[in-house]
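Please keep the sequence and the model at hand while reading the points in order.

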Amino acid sequence: MRIILSLLLAVAFVLPASAQKIDKKLKSFEKYIEQARQDWNVPGVAVAIVKDGEIIYEKGFGVKSVDTNEPVDENTVFAVASNTKSVTAAALAILVDEGKINWDDKVQEYLPWFQLYDPYVSANLTIRDLLCHRSGLETFSGDLIWYGSNHSREEVLRRARFLEPAYGFREHFGYQNIMFLAAGEIIPVVTGQAWEEFVSERILSPLEMNNTYYSTSQLTSDVNKAMPHNTVNDNNVVIEYVNWDNIAPAGALVSSVHDWSQWMIAQMNMGMKDTTAIWSENQGHEMWAIQTPEAISPGSRSLWPSKTFSGYGLGWELQNLHGVKIVSHGGGYDGMISRTLMIPEENMGIVVLTNNISSIAYALTYAWADRYMGEEGQDWSELFLNFSKSGQQAEEAERAAAEEARDKDSKPSLPLEAYAGTYGGEMYGNCEIRVVGDQLAFQFEPTPLFRGTMRHWQYDSFQLNWGTQMMLPPGTVQFILNPEGEIEEMIIDVPNPDFDFTELEFKKLP
C-alpha cells in the first residue's frame, strides 16, 4: 500500500511540473511569434496548439486588415488552402470504411470520361494515385486552367487531358491540385451529395467546426475574417479573396485556428470524436503511410540533419525530425499562407494561419516543434527571413540585368495593330489582345482577373503588366513570326513559383 501511495504522489508531482514546463515554453514562444510577425511585416497571424486532445494555446496577433486594424483572434478565419486536401482524403476514407469505394479502384469506374495524357494512364489511374501526387504530371501543372477561371469542375478535369507529363506514371512525386479535384468529384458519383454537402455533414458538423466555410461566397460582411494582403513597395495592401469553388476539394476551405484544432485532435485520435468514429483507425494509418517517397535534398539534409525519410501519404506530408514522425501540410492562397504540423507520438499539433505571402507559418511550426522536443538551437524565423531577403535581392538583380541588357532602341517588326487579335489553344482557352491608345491591352477570356497592358520590351517581345492587384509579378510576351512575317503565336512567361504560363498554348486564331 505504501508503494502504491508513493507512486501516486510521484505522478501527482510530475504532472504539474510537466505542465509548468510547457507553460514556460508557451510564454517564450508567444514573444517569438509576435517578434517574427513584426520582422516579416505580416499584418495578422493566428496560432493554436493542441496536446492530448485539448487546446492548450490559441491566440491571434496583429490585425485582420491594415484598412480596419481590427485585431485577429482565435476565431478569425483565414483561407487554409491546400490543408483542405487532408479533409478530402478523410471524406474518401469514410467511403472506404463503408465499403462504397476502395483506395485502389480505377478512377474511370466513377468518372469514365476522365482522361490524362496516355490511354494506359487514364485506364489505370486509381483513387490512391489521385491522393498521393504520382500521376506523372509536374508540380502545379495545369493550375492555370482552374485558377480564377470560369471553367467548371468538370471542364477543368476534361481539359487536363492536354497536360504533358514530366515523369513516368507512378515514377515521381508531382504535387497536383487537379488530381485532388478528380478525387473530390468521385464523392457525388458515389453518394449523390456534392463535395461541400458531404464534407459539411460527415466531417465539419460532427467535429463542431462551425466556423469553417467551404466557399469564399459564404464570407459575408458579418464573418470574423482576415483579409489577404499583397506586399507593394514594402507595404501591406489588402486584396480581394479569389473564389476557388472550381477546385474546392483541393483547397477551398476557410477556417480559424480554433476550428482547425478540432481537426488536428480528430486526426490524432484516428478519426474518433468522443465515442463516435468518423473514420476508422485503419484508414487513419493508411492516410499517414507514405505512398509516394520523396528524396531528401542536400539543402534539406543541411537544415534538418535528423530527417531520414520524407514522402506523401493520402492528403498529408510525412517525414521525421528529432527521432519522431511528423505529419504536416501547408496551404498557399492569394495573400495567405497556412501550416499544420503534428507529432502523433507526442499527441501534439500546431496550426499557424497568416494573411500575407511569406514563410513565417513554416518557421513558427518548426520553431515550436524544436522547443517542444527540447531542440532550441535554430532560429527558424531569422533563417527563413534571410533566405527570403536573399531571394528578393537575386530577383531584383536579375530584373536590373535584364533591363540593362535589353535593346531599348529596337522596334517591333510589325505595326501595333498586327499584334492584336485572339490567341488560344484547347487546354486553356483564349486571350484577347487589343490596341488601346499607343499600347496593347490583354484579357485572358476564361480568367477575368488576368487583364492588363503590354509595354514594348525589345524586338517582338512585350512586358506584361497586370491591371489587377494580386500576387503575380510582371511577365513577358514573345510573339513568334512565321517565314512570311506573320504572327503565328505568342508565348507568355510570368516567372513565379506557382503557375507555369509557358505550358499554355496561344496560337493566333483566324
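This is a predicted model: local features need pLDDT of at least 70, side-chain atom pairs count only at pLDDT 80 or more; totals for chains, interfaces and linings use all residues.

1. Residues are numbered from 1 along each chain as its sequence is written, and side-chain values use heavy atoms, with hydrogens and water left out.

2. On the nonpolar cores: a core here is a set of buried Ala, Val, Leu, Ile, Met, Phe, Trp, Tyr and Cys residues joined through side-chain atoms within 4.5 Å, where buried means under 20% relative accessible area, exposed over 50% and partly exposed in between, with a 1.4 Å probe and protein chains only. The largest core has 121 residues, and those touching the most other members are Phe 114, Trp 263, Phe 444, Phe 450, Trp 466, Phe 479 and Phe 501. Helix H2 (residues 84-97) gives this core its largest share, nine residues; helices (H or I, at least four residues) and strands (E, at least two) are DSSP runs numbered from the N terminus. Apart from this core lies another, of 36 residues, with Val 42, Trp 304, Ile 343 and Ile 350 among them. As background, nonpolar side chains tend to be buried together in soluble globular proteins.

3. On Phe 444 as an example: which residues does Phe 444 touch, not counting those up to four places away in sequence? With contact taken as heavy atoms within 4.5 Å, Phe 444 touches Tyr 428, Asn 430, Cys 431, Phe 450, Trp 466, Ile 492, Phe 501 and Phe 506.

4. On the aromatic pairs: rings of Phe, Tyr and Trp (its six-membered ring) pair if their centres lie within 6.5 Å, and planes under 30 degrees apart count as stacked, over 60 as edge-to-face and the rest as tilted. The whole structure holds 36 aromatic pairs. One of the pairs, Phe 173 with Tyr 312, is tilted, at 5.8 Å centre to centre and 40° between the planes. This pair links distant parts of the chain, 139 residues apart, with Phe 173 in the loop between helix H6 (153-159) and helix H7 (177-191) and Tyr 312 in strand S10 (residues 310-312). Phe 173 is buried at 16% relative accessible area, and Tyr 312 is buried at 0%. The rings of Trp 466 and Phe 501 have centres 6.0 Å apart and planes at 45°, so this pair is tilted. Trp 466 lies in strand S19 (residues 461-466) and Phe 501 in the loop between strand S21 (487-493) and strand S22 (507-508), so the pair ties together parts 35 residues apart in sequence. Both Trp 466 and Phe 501 are buried.

5. On the cavity: on a 1 Å grid over the protein atoms alone, a cavity is a set of points where a 1.4 Å probe fits but cannot get out, a pocket is an open set with protein on both sides within 12 Å along at least five of seven lines, and lining residues have an atom within 4 Å of a point. There is one cavity of 30 Å³ or more, and the largest cavity has a volume of about 40 Å³, a volume being the space filled by probe spheres set on points joined across faces, edges and corners. Its lining includes Ala 79, Trp 244 and Tyr 333.

6. On the second largest pocket: this pocket holds about 200 Å³ of space. Strand S2 (54-62), helix H10 (257-268) and strand S7 (272-273) each supply at least two lining residues, and H10 gives the most, with three.

7. On Gly 335: this residue is found in the loop between strand S12 (324-333) and strand S13 (336-343), and Gly 335 is buried, with a relative accessible area of 0%.

8. On backbone angles: Arg 170 has a positive phi of about 60° although it is not a glycine, and Arg 170 counts as partly exposed at 39% relative accessibility. Asn 233, also not a glycine, has a positive phi near 55°, and Asn 233 counts as exposed at 69%.
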